[in-house]
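User: I am new to this structure and would like to go through it step by step. Could we start with the chain as a whole and then turn to its charged residues?

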Amino acid sequence: MPHPTIKILGVYRVPFSEPLFAQAMEWKYADTEFTPEERKETEKAVREELSSVVLIECEVRDADDKFDVEDFRQPDSDQVAYDEAFLTQDGEFMMPSRYSRPDAAHFRLAFFLHFFDPELPLLSSYGSLSVPTVSDMPDRLKRLMPYDPVT
């Protein structure tokens, strides 16, 4: 039986925008009253969170029952894969059932990860993975997987 492998195809920064920041603040703190100092600290924390999130795209080959999306994380972090999507083999389209693993041994997957540290490896169901340099998100992934802030 072939050995399962995961190849990281890309680590992409989520495009930051003021509308995204405003949406995150609204979703997280719509009914919260802040002092000016609290608002400043909260806005700083939300900007840091948004600037730390990446989209990771990978190809999984010869997956077995051990594979679990929630195993993707970095050492010493409680952050795990978030809002994942299974993609077609070419990465151009989302599978009909976005969150359900395809009934195949080979598939493509993309997921968000918060507070990503480019100096650390990515852990997976099959061990530690080296990560490429963070780059701009391709247009196809911007279209397929727009980022929604965590509430």
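**Charged pairs and the fold around them**

Analyst: Arg39 and Glu43 both belong to helix H2, where they sit 4 residues apart, about one turn of the helix. The model is a predicted one, and the side chains of Arg39 and Glu43 meet in it through a salt bridge of 3.4 Å, taken from N to O.

User: How many helices and strands does the protein chain have, and in what pattern do they follow one another?

Analyst: The secondary structure of the protein chain comes to 3 helices and 7 strands. Read along the sequence, these elements give the pattern β-α-α-β-β-β-β-β-β-α.

User: What share of the residues of the protein chain counts as buried, and what does the C-alpha trace span along its principal axes?

Analyst: The protein chain has 151 residues, and of these 40% count as buried. Along its principal axes, the C-alpha trace of the chain spans about 60 × 30 × 25 Å.

User: Are Arg39 and Glu43 buried, exposed or partly exposed?

Analyst: Buried means under 20% relative accessible area and exposed means over 50%, with partly exposed in between. Arg39 has a relative accessibility of 35%, so it falls in the middle class. Glu43, at 26% relative accessibility, likewise counts as partly exposed.

User: Which residues form the negative surface patch, and where is Glu41 found?

Analyst: Glu41 is partly exposed, with a relative accessible area of 43%, and this residue is found in helix H2, which covers residues 36-52. The negative surface patch is formed by Glu41 together with Glu37, Glu38 and Glu48.

User: Why does the salt bridge of Glu57 and Arg108 tie together separate parts of the chain, and how far apart in sequence are they?

Analyst: The side chains of Glu57 and Arg108 meet in a salt bridge of 2.9 Å, N to O. Glu57 lies in strand S2 (residues 54-61) while Arg108 lies in strand S4 (residues 107-113), so the pair ties together parts whose distance in sequence is 51 residues.

User: Are Glu57 and Arg108 buried or exposed?

Analyst: The cut-off that matters here is that buried means under 20% relative accessible area. Glu57 has a relative accessibility of 0% and therefore counts as buried. Arg108, whose relative accessible area is 12%, is also buried.

User: Where do the partners Asp83 and Arg98 lie, and how many residues apart are they?

Analyst: Asp83 forms a salt bridge with Arg98, the closest N and O atoms being 3.2 Å apart. The pair links distant parts of the chain, with Asp83 in strand S3 (residues 82-87) and Arg98 in the loop between S3 and S4, at a separation of 15 residues.

User: What phi do Asp62 and Asp76 have, although neither is a glycine?

Analyst: Asp62 has its place in the loop between S2 and S3, and Asp76 is found in the loop between S2 and S3 as well. Asp76 is exposed, with a relative accessible area of 87%. Asp62 has a positive phi of about 60° although it is not a glycine, and for Asp76, also not a glycine, the phi is positive at about 60°.

Conventions
Residues numbered from 1 in each chain as written. Predicted model: local features only at pLDDT ≥ 70, side-chain atom pairs only at ≥ 80, totals over all residues. Heavy atoms only, no water. Patch = residues over 30% accessible without salt bridge, like charges linked within 9 Å, V, L, I, M, F, W, Y side chains within 5 Å. Areas by Shrake-Rupley, 256 points an atom, 1.4 Å probe, with all protein chains shown as cover. Salt bridge = Lys/Arg side-chain N within 4 Å of Asp/Glu carboxyl O. Lys, Arg positive; Asp, Glu negative; His and termini not counted. Charge placed at Lys NZ, Arg CZ, Asp CG, Glu CD. Helix = DSSP H or I, 4+ residues; strand = E, 2+ residues; numbered from the N terminus. Buried < 20%, exposed > 50% of the residue type's maximum accessible area, 1.4 Å probe, protein only.
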